[in-house]
Amino acid sequence: MKCPYCGGELPEEALACQHCHRDLVVVKPLLARIAALERALAELKGRSLDASPRAPAGAFPAMLAAAVGVFATASFFFAKESALGKDPLSSLAAYLSSDLAVYLAVALPPAALGILLASTWPGEHIRAFVLSGFAMGGLNLAAAWALLSNPYSEFNWPWALLLFLVFQPLIFATGGWIGSKVRREPPAEGERAEDLGKYLKELIRPALSHALTLILGWIVQRYLQGP
């Protein structure tokens, strides 16, 4: 330790300074307490630096992603109806009316937005993803009904209810599950192989759930034929 008066180096058990000859009996306990507080403060600073950043308050990012998803899907159906109105026999109208194009318009926005949002949004937000997914599906259902219903054909309610109120929320939520796993740092090079295996195992479950949801949605699309 150092003498508080002259700064000279002293052994820890010294009761007086051998340089300036001042008594240390009174100040030594205070110096020990100050040193202990400094160590505790350094430890707290280290923990705060290691902690992950806090997530933004509320579910605004998820709701914003849902709004983008609604815009993307509704824009597709608007383009589809416009193409059919201009020339129902055109190649563009035929493509936009195909099962694959319709399903991509329903499934691709929530899948991509869910993964992208969760991979950049720190923290776990299961409730926000579920609620936003239902909001996206409900608004898309309303948009599809407004754009696709007409006096010449009946609106396909079984298709719409299943894809918009079941599969769109599930696709958005499972995409968010994948993104939350992708966001975690993989083991650094040189770490044990089992650490990498654990990381990949955590990633496989949400990826399989997401793929299964997409496949089941496609089966529903093919079976019910959509609009």
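The model is predicted: local features need pLDDT of at least 70, side-chain atom pairs count only at pLDDT 80 or more, and totals for chains, interfaces and linings use all residues. Residues are numbered from 1 along each chain as its sequence is written, and side-chain values use heavy atoms, with hydrogens and water left out.

## The overall picture

The protein chain has seven helices and zero strands, and its pattern along the sequence reads α-α-α-α-α-α-α. Helices here are DSSP runs of H or I with at least four residues, strands are E runs of at least two, and both are numbered from the N terminus. Of the 227 residues in the protein chain, 33% are buried. Buried means under 20% relative accessible area, exposed means over 50%, and partly exposed lies in between, with a 1.4 Å probe and protein chains only. Among contacts between residues at least 6 apart in sequence, 66% join residues at least 24 apart; a contact means heavy atoms within 4.5 Å.

## Helix 5 and its neighbours

Let us begin with helix 5 itself. Helix 5 has 23 residues and spans 32 Å from its first C-alpha to its last, close to the 33 Å expected at 1.5 Å a residue. That expected span is 1.5 Å times one less than the number of residues. Its buried residues are A128, F129, S132, G133, M136, G137, N140, L141, A143, A144 and L148. Their cover includes helix 2, helix 4 (99-120) and helix 6 (157-183).

| Pair | Axes come within | Crossing angle | Handedness |
|---|---|---|---|
| Helix 2 and helix 5 | 9 Å | roughly 20° | right-handed |
| Helix 5 and helix 6 | 8 Å | roughly 150° | right-handed |
| Helix 4 and helix 6 | 6 Å | roughly 30° | right-handed |

The axes are lines fitted to C-alpha atoms, for helices over the stretch in contact, and the angles run from 0 to 180 degrees between N-to-C directions. A crossing is right-handed if the near helix is turned clockwise from the far one by less than a right angle, and left-handed if anticlockwise. Angles under 35 degrees count as roughly parallel, over 145 as roughly antiparallel, 65 to 115 as roughly perpendicular and the rest as oblique.

Helix 2 and helix 5 are therefore roughly parallel. On the helix 2 side, the contact is made by residues including A62, A66, G69, T73 and F77, and on the helix 5 side by residues including A128, S132, A135, L139 and A143. This contact divides into 16 nonpolar, four polar and two charged residues. In that division, Ala, Val, Leu, Ile, Met, Phe, Trp, Tyr, Cys and Pro count as nonpolar, Asp, Glu, Lys and Arg as charged, and the others, Gly among them, as polar.

Helix 5 and helix 6 are roughly antiparallel. Among the residues that meet are F129, G133, G137, L141 and W145 of helix 5, and W157, L161, L165, Q168 and F172 of helix 6. Here the division is 16 nonpolar, seven polar and no charged residues.

## Helix 4 against helix 6

Helix 4 and helix 6 are roughly parallel. Their contact includes V102, V106, P110, L113 and L117 from helix 4, and W159, L163, I171, G175 and R183 from helix 6. By class, this contact has 16 nonpolar, seven polar and one charged residues.

Leaving aside residues up to four places away in sequence, P109 touches G69, A72, T73 and L104.

L64 sits in helix 2 and is partly exposed, at 46% relative accessible area. L64 and S132 are 68 residues apart in sequence, and their C-alpha atoms are 8.7 Å apart in space.

A146 belongs to helix 5 and counts as exposed, at 54% relative accessibility. A146 and F77 are 69 residues apart along the chain, with 10.0 Å separating their C-alpha atoms.
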